[in-house]
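Here's a quick walk through a few packing and pairing details. Have the viewer open and follow along.

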Amino acid sequence: MVMGAAGSKLEKALGEQFPEGERYFGLENFGNTCYCNSVLQALYFCVPFREKLLEYYSNNKTPLDAEDNLLTCLADLFTQISSQKKKTGIIAPKRFVQKVKKQNELFRSYMHQDAHEFLNFLLNELVDILEKESSNSVKNSLAASSASQSVKIVNGPQLPLANSGKNEPLVTWVHKNFQGTLTNETRCLRCETVTARDETFLDLSLDIEQNSSITSCLKNFSSTETLNAEDKFFCDKCCSLQEAQKRMKIKKPPHILVIHLKRFKYMEQLSRHKKLSYRVVFPLDLKLTDTVVDPDTEYSLFAVVVHVGSGPNHGHYVSLVKSHNHWLFFDDENVEIIDESIVQTFFGSAQEYSSNTDHGYILFYESLVRDGQ
Ligand SMILES: [Zn+2]
């Protein structure tokens with residue numbers, strides 16, 4: 001481990017204000033692994049998520065012969081960072097990156113990767129591992145309890161075991177942090193019946209427009225769409241295809257709202273993806289209003305994964321993170337303190353050709369109301 005000069009500079013810059021118990025570590029790049037580093041920093045400073053991972057690590061000290069997985073590698077990495085003696089420095093997330101490459105061939109090459117795809121892959125992978133662990137522990141406890149029952153209960157009635165919740169999906173702490181519910185409402189224009197279908201999400205991918213804002217992108221996301229002509233809706237009440245109006249709403253907003261701006265758009269004329277450098281304002285404080293079934297939910301921005309570069313197949317990722325009311329800039333090994341006003345330089349470009357190619361790509365908001373979970 002190399003102690004960079006940047007580390008000591010950061011400590012000097014923060015001085016007395018360096019938050020108690022906090023660690024600001026840069027992450028070594030192993031050849032185009034900035035997509036991974038930028039997402040890791042955003043997740044590390046997602047405090048409720050970090051706390052759960054540290055807790056997981058301390059409860060599940062893996063025996064040496066146990067096989068590691070992405071969850072144990074990530075928990076190990078976060079524990080390594082948080083337990084450093086020094087307050088700043090550089091850590092090599094080698095084991096974690098090796099595991100990512102082993103698990104998913106998409107990330108195996110040294111090519112430029114998509115940070116959003118990586119985040120998506122990682123969260124889903126963590127959910128899978130937690131679900132598997134939980135179903136194993138249910139099986140184990142079932143085996144244990146049925147064994148003890150056959151000993152204790154001789155003539156008593158057999159208790160129906162664990163029938164409850166068999167078909168209900170398990171809610172892991174990854175879900176508790178990131179999962180929200182969308183509801184898809186379709187109103188038949190003939191009989192006015194509204195059919196609602198719910199679906200869950202771990203992040204929202206939003207289409208973007210030039211000179212817009214998150215609020216207007218969210219408005220478009222939940223705007224009413226008419227289904228007609230070729231695209232009619234089968235109404236169960238009318239028992240036939242009918243014209244209908246469809247609308248998507250956020251039913252249950254997540255505790256951590258992750259917004260992915262669709263900056264990489266497939267251009268049919270070009271037969272390739274193009275990066276949209278559009279200026280999309282993302283506020284430090286976001287209010288979800290007409291998109292939500294519940295009244296206002298307020299969020300505070302705490303991390304931004306930034307894509308640097310003009311094209312989709314090359315470039316670089318960095319992240320901006322808010323920690324204890326300071327904004328920090330993470331660029332692989334380097335960590336710097338930045339002024340809050342710098343955040344707005346990552347909104348995008350109002351003109352198509354601009355020398356500024358650093359654009360906010362994934363936004364992380366935390367709900368200001370902590371639901372006692
Ligand atoms: Zn109908």
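Which residue takes a positive phi in the hairpin of S3 and S4? Keep in mind that this is a predicted model.

## The hairpin and its strands

The residue is Glu192, with a positive phi near 70 degrees. The hairpin puts five residues between strands S3 and S4. S3 covers residues 180–188 and S4 covers residues 194–201; the two run antiparallel, joined by eight bridges. To find your place along this pair, look at Glu185, which sits opposite Ala196 in S4.

S3 has another antiparallel partner in strand S10 (residues 244–252), and eight bridges hold that pairing too. Here Asn184 faces Met248 of S10. As a rule, side chains in a regular strand alternate between the two faces of the sheet.

## Two crossing helices

Now jump to helix H3 (residues 47–59) and helix H4 (residues 70–82). Their axes come within 9 Å and cross at roughly 100 degrees, so H3 is roughly perpendicular to H4. H3 brings Arg50, Leu53, Leu54, Tyr56 and Tyr57 to the contact, while H4 brings Leu74, Ala75, Asp76, Phe78, Thr79 and Ser82. Sorted by type, the contact residues of H3 with H4 come out as seven nonpolar, two polar and two charged.

## One face of H8

Helix H8 (residues 214–221) has Ile214, Cys217 and Leu218 as its buried residues. Looking down the axis of H8, they fall within an arc of 100 degrees, so they line one face of the helix.

What do the buried residues of H8 pack against? Strands S5 (204–206), S6 (212–213), S11 (256–261), S14 (280–281) and S15 (285–288).

Conventions:
Residues are numbered from 1 along each chain as its sequence is written. This is a predicted model: local features need pLDDT of at least 70, side-chain atom pairs count only at pLDDT 80 or more; totals for chains, interfaces and linings use all residues. Axes are lines fitted to C-alpha atoms, for helices over the stretch in contact, and angles run from 0 to 180 degrees between N-to-C directions. Helices (H or I, at least four residues) and strands (E, at least two) are DSSP runs, numbered from the N terminus. Angles under 35 degrees count as roughly parallel, over 145 as roughly antiparallel, 65 to 115 as roughly perpendicular and the rest as oblique. Two residues are in contact if their C-beta atoms, placed from the backbone, lie within 7 Å. Ala, Val, Leu, Ile, Met, Phe, Trp, Tyr, Cys and Pro count as nonpolar, Asp, Glu, Lys and Arg as charged, and the others, Gly among them, as polar. Two strands pair if DSSP finds at least two bridges between them. A residue is buried if 20 or more other C-beta atoms lie within 10 Å of its own, exposed if 12 or fewer, and partly exposed in between; C-beta atoms are placed from the backbone. The arc is that of the directions from the helix axis to the C-beta atoms.
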